[in-house]
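Reader: Please take me through the salt bridges in this model, then the space inside it. Keep it brisk.

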Amino acid sequence: MASEDVKTSESAVSTIVNLAEEAKLAREGVKAPGTALLNICKSLFAGGVAGGVSRTAVAPLERLKILLQVQNPHSIKYNGTIQGLKYIWRTEGLRGMFKGNGTNCARIVPNSAVKFFSYEEASKGILWFYRRQTGNDDAQLTPLLRLGAGACAGIIAMSATYPMDMVRGRLTVQTDKSPRQYRGIAHALSTILKEEGPRALYKGWLPSVIGVIPYVGLNFAVYESLKDWLLKTKPFGLVEDNELGVATRLACGAAAGTFGQTVAYPLDVIRRRMQMVGWKDAASVVTGDGRGKTALEYTGMVDAFRKTVRHEGFGALYKGLVPNSVKVVPSIAIAFVTYEMVKDVLRVETRISD
């Protein structure tokens, strides 16, 4: 009993101290982890809108990228960005340009919503904890801390919606000439579960997690760091009334997206190829083994890397990089700007005050 009383007393004191510190931080303009329900919903909505708008804008390039990543090297149909887009238009029409986009939006809206919200909550939590640990109430997030917050947000969002990404990849790859068609999201999910089992929905999850760290983490870190640097130095008259213009924010988002995707791209190629494994009806599409047109079977991420490089060369790890580079710049930029514009409309207060 005595020990329980001591623990209860210590817990009460700890709670009072924490509440006092949170009140102090609130007066300084820093919110402790956790916000009002309304602001949470608004942040989720802003992130979802940002993701849906940005992906729809670049849907044809996104589909071409995936087709280039997984196509059979013995049966080349898509040979470059311009030729690939023309081929899709000629053989599948307008619908072909946007094939899989519905599934992508169904995935990216919750994914972006969770990602942006998780990043802001992680940033607030990390800064709150960092200031407590250092005893410096004026401390700000460093690029490394932003990288950690971005990586956490990316892993949480990606893991929560990964089965949808798996389905989206297969819906995007199939064409009108595929032996058997997935009729939609629900049919694809049920077919994969029935024929390949629940684990199939997470094929390629490991390289995705590893890729999230440099991709999403660097996106947020570079974007936020560029914004802070521009607001502090105010070069070339880019800052007016302590605010960045839309064009400047677009440039920051483009730089962040380009840097992140270049570092993580080989992992994205491996993820897509692992997602195709086990899908027998994709044998005419996915990569061959260097001797025939039969799809490869990978035992894991390392095996996928090894076989890809052995049979197709190191350059295979960057297949689809050109259309991806073309689409990632406007996609990331539009996502960031749309998110902040929607937040402004909804008057969501998310910036961590000094």
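Author: Start with Glu 62 and Lys 65, whose side chains form a salt bridge with N and O 3.5 Å apart. A salt bridge here is a side-chain nitrogen of Lys or Arg within 4 Å of a carboxyl oxygen of Asp or Glu. This is a predicted model, where local features need pLDDT of at least 70 and side-chain atom pairs count only at pLDDT 80 or more, while totals for chains, interfaces and linings use all residues. Residues are numbered from 1 along each chain as its sequence is written, and side-chain values use heavy atoms, with hydrogens and water left out.

Both partners sit in helix H3, 3 residues apart, or about one turn of the helix. Helices are DSSP runs of H or I with at least four residues, numbered from the N terminus. Glu 62 and Lys 65 are both buried. Buried means under 20% relative accessible area, exposed over 50%, and partly exposed in between, with a 1.4 Å probe and protein chains only.

Next comes helix H5. Glu 121 and Lys 124 meet there in a salt bridge at 3.7 Å, N to O. They are 3 residues apart in H5, so about one helical turn separates them. Glu 121 counts as buried because its relative accessibility is 17%. Lys 124 is at 7%, so it counts as buried too.

Glu 196 and Lys 203 form another salt bridge, with the closest N and O atoms 3.0 Å apart. Glu 196 has 23% relative accessibility, so it counts as partly exposed. Lys 203, at 22%, also counts as partly exposed.

Some bridges share partners. One network joins Glu 62, Lys 65, Arg 107, Asp 165, Arg 168, Asp 268, Arg 271, Arg 272 and Lys 327. The count of salt bridges comes to 22.

Now the space inside. The structure holds 4 cavities of 30 Å³ or more. A cavity is a set of points, on a 1 Å grid over the protein atoms alone, where a 1.4 Å probe fits but cannot get out; lining residues have an atom within 4 Å of a point. The largest cavity has about 690 Å³ of space, a volume being the space filled by probe spheres set on the points. Of its 40 lining residues, the closest to the centre are Arg 55, Lys 115, Tyr 215, Val 216 and Arg 271. Helix H8 gives the largest share of the lining, 8 residues. By class, the lining has 17 nonpolar, 12 polar and 11 charged residues. Charged means Asp, Glu, Lys and Arg; nonpolar means Ala, Val, Leu, Ile, Met, Phe, Trp, Tyr, Cys and Pro; the others, Gly among them, are polar.

Methods. On a 1 Å grid over the protein atoms alone, a cavity is a set of points where a 1.4 Å probe fits but cannot get out, and a pocket is an open set with protein on both sides within 12 Å along at least five of seven lines; lining residues have an atom within 4 Å of a point. Helices (H or I, at least four residues) and strands (E, at least two) are DSSP runs, numbered from the N terminus.
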